[in-house]
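Trainee: Could you take me through this model one feature at a time, giving the general idea before the particular case?

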Amino acid sequence: MSSQLKPGTTAPGFSLQDASGSTVSLSDFSGRNVVVYFYPKAATPGCTTEACDFRDSLGSLKKGGYEVVGISPDSPEELSSFIEDQGLTFPLLSDDGAQVAREWGAWGAKTVGGKETEGVLRSTFVLDSEGRVTHAAYSVAPTGHVAQLRETLGVS
């Protein structure tokens, strides 16, 4: 597993394609607080639950001063279908090869269906307006995670 990010460290930059094929960079969020979350696979049950929780909480997160962006190894086409099917209203980015997930420590050993494998670890980071990590959570559960995050951030 790659080394995990800790609060106080500057998050590694990235430039990735979104669902429409446009490039989105971490620097695009400069001056704003942003929640960056990594998830294994679009349109799977856990990832759908988590994405819909972020969708349903987006208004309160934005009111609290937070943007949201999701990152997975899915292709832009897969992301586009996922966004359309679930009515998602925040950007999803394609980390083909999971290089950014590795740089952020969101890659490692996990058990899926009783088998040990390596892959994207469902992880969430909160960055301040200068790109510093203020909160890092690794291997989170898809259900209830966003509610816990909102509580941590004091966002109702």
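Mentor: Let us begin at the end of a helix, where helices (H or I, at least four residues) and strands (E, at least two) are DSSP runs numbered from the N terminus. Here α2 is followed by Gly87, whose phi is positive, near 65°. The model is predicted, so local features need pLDDT of at least 70 and side-chain atom pairs pLDDT 80 or more, while totals for chains, interfaces and linings use all residues. Residues are numbered from 1 along each chain as its sequence is written, and side-chain values use heavy atoms, without hydrogens and water.

Trainee: Which residues of helix α2 are buried?

Mentor: Buried means under 20% relative accessible area and exposed over 50%, with partly exposed in between (1.4 Å probe, protein chains only). In α2 (residues 76-86), Pro76, Leu79 and Phe82 are buried. They cover an arc of only 120° around the axis, taken from the directions from the helix axis to the C-beta atoms, which puts them on the same side of α2. The face turned away from that buried side carries the exposed residues Glu77, Glu84 and Asp85.

Trainee: What covers the buried residues of α2?

Mentor: With contact meaning heavy atoms within 4.5 Å, the cover includes β1 (15-18), α1, β4 and β5 (92-94).

Trainee: In what order do the seven strands form the open sheet?

Mentor: Two strands pair if DSSP finds at least two bridges between them, and here the order is β2-β1-β5-β4-β3-β8-β9, with mixed pairing. Because β2 (23-25) and β9 (133-137) stand at the edges, each with a single partner strand, one side of each is left without a neighbour in the sheet.
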